[in-house]
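This report describes a protein chain from its sequence and a 3D model. Please keep both in view while reading.

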Amino acid sequence: MMKLDILNRIYAEGIVAILRADHASGLVQAAEALKLGGVTVMEVTLTTPGAIDVIRQAADQLGTEVLIGAGSVLDATSARLAILAGARFLVTPALDIDVIRMGNRYSIPVIMGCYTPSEIKIAWEQGADLIKLFPASQGGLPYLKALQAPLPQVQFVPTGGIDLDNVGDYLTAGAFAVGVGSTLISADLLAASDYDEITRRAHAFRQIVEQQRRSHRILSI
């Protein structure tokens, strides 16, 4: 897939599921459960032991049905390892220009973690494709809107504190997509291997996104 195709898919899906766990066991099955619920863009955080192997297995087993990325990328070395394992996009928790350069080298989209206007400006000028507004729970929707006023050219992916009650509001406010973690796939669900509940939650998020996208298209006509 070309970089533009990947970015278009992230926008169309609207949700980036965050797979974070204390161990790798069951994460590929969790990815399959998310897919069944209609959420097919997901990041495996590199804080998870064995994350690179999970990325490789998920990319091999699920193919183009699921878009697998790497999250919590802290440096260019980790970024390259994830790309070679099959990650189709990179997500960072903080500003790191070397990760942007690595992503650009391989034409892999980078969702750069930032919070302040200064960090966002630097990341955008250095070539980040999207800005992960993190933690979005600090400031919430008003803070996203405040940033959009002087930075209308920036595409944001708010992450942190996103749930079924506010996901539609963030998308309606102009978020490119949102990152969703524990409210979609929690440690308790993974520990219990409750893949049916993961699928149910994914479906619930998917319905809200589809409703918002339909409403946006109607308003735009």
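## Burial and overall form

Of the 221 residues in the protein chain, 51% are buried. The model is a predicted one. In it the chain forms 10 helices and seven strands. Its radius of gyration is 16 Å, close to the 17 Å that the globule rule gives for 221 residues, so the chain is as compact as a globular protein of that length. Taken along the principal axes, the C-alpha atoms fill a box of roughly 45 × 40 × 30 Å.

## Aromatic pairs

Two aromatic pairs are counted in the model. Tyr11 and Phe176 form a pair with ring centres 5.2 Å apart and planes at 55 degrees, so this pair is tilted; planes have to be under 30 degrees apart to count as stacked and over 60 to count as edge-to-face. Tyr11 belongs to helix H1 (residues 3-13), while Phe176 sits in the loop between helix H8 (167-172) and strand E7 (178-180), so the pair ties together parts that are 165 residues apart in sequence. The two partners can also be described by accessibility. Tyr11 has 35% relative accessibility and counts as partly exposed, whereas Phe176 is buried, at 12%.

The pair of Tyr115 and Tyr143 is stacked, with 4.7 Å from centre to centre and 25 degrees between the planes. This pair, too, links distant parts of the chain. Tyr115 is found in the loop between strand E5 (110-114) and helix H6 (117-125), and Tyr143 in helix H7 (residues 140-148), 28 residues apart. Tyr115 is partly exposed, with a relative accessibility of 23%.

## Charges over rings

Arg213 lies over the face of Tyr11, at 4.3 Å from the ring centre. The ring of Tyr11 thus has two listed contacts: Arg213 over its face and the tilted pairing with Phe176.

Lys132 lies over the face of Phe134, and its distance from the ring centre is 4.6 Å. Both of these residues come up again below, Phe134 at a cis peptide bond and Lys132 in the lining of a cavity.

## Backbone exceptions

Most residues other than glycine have a negative phi, and most peptide bonds are trans. Where does the chain depart from this pattern? The peptide bond from Phe134 to Pro135 is cis, with omega near -5 degrees. Pro135 is placed in the loop between strand E6 (130-133) and H7.

Ser72 is not a glycine, yet its phi is positive, at about 55 degrees. Ser72 is located in the loop between strand E3 (67-71) and helix H4 (76-85). Is Ser72 buried or exposed? At 11% relative accessibility, Ser72 counts as buried. Ser107 also has a positive phi of about 55 degrees without being a glycine, and its place is in the loop between helix H5 (97-105) and E5. Ser107 is partly exposed, with a relative accessible area of 42%.

## Cavity and pocket

How many cavities of 30 Å³ or more are there? The count is one. The largest cavity holds about 50 Å³ of space. Its lining consists of Val16, Ile18, Glu43, Val91, Ile111, Lys132, Val157, Thr159 and Gly179. By class, these lining residues divide into five nonpolar, two polar and two charged.

The largest pocket has a volume of about 170 Å³. It is lined by 13 residues, of which Ile18, Phe134, Thr159, Gly160 and Gly181 are the closest to its centre. The pocket lining comprises four nonpolar, seven polar and two charged residues. Ile18 and Thr159 are named in the lining of the cavity and also among the residues closest to the centre of the pocket. Phe134, another of those residues, is the one whose ring has Lys132 over its face.

## A position in the loop between H7 and H8

Gln153 is in the loop between H7 and H8. With a relative accessible area of 44%, Gln153 is partly exposed. From Gln153 to Ser72 the separation is 81 residues in sequence and 25 Å in space, C-alpha to C-alpha.

Terms used:
Residues are numbered from 1 along each chain as its sequence is written. This is a predicted model: local features need pLDDT of at least 70, side-chain atom pairs count only at pLDDT 80 or more; totals for chains, interfaces and linings use all residues. Side-chain values use heavy atoms; hydrogens and water are left out. Rings of Phe, Tyr and Trp (its six-membered ring) pair if their centres lie within 6.5 Å; planes under 30 degrees apart count as stacked, over 60 as edge-to-face and the rest as tilted. Helices (H or I, at least four residues) and strands (E, at least two) are DSSP runs, numbered from the N terminus. Buried means under 20% relative accessible area, exposed over 50%, partly exposed in between (1.4 Å probe, protein chains only). A charge sits over a ring if NZ of Lys or CZ of Arg is within 6 Å of the ring centre and within 35 degrees of the ring normal. On a 1 Å grid over the protein atoms alone, a cavity is a set of points where a 1.4 Å probe fits but cannot get out, and a pocket is an open set with protein on both sides within 12 Å along at least five of seven lines; lining residues have an atom within 4 Å of a point. Grid points are joined across faces, edges and corners, and a volume is the space filled by probe spheres set on the points. Ala, Val, Leu, Ile, Met, Phe, Trp, Tyr, Cys and Pro count as nonpolar, Asp, Glu, Lys and Arg as charged, and the others, Gly among them, as polar. The radius of gyration is taken over C-alpha atoms; the globule rule is 2.2 Å times the number of residues to the power 0.38.
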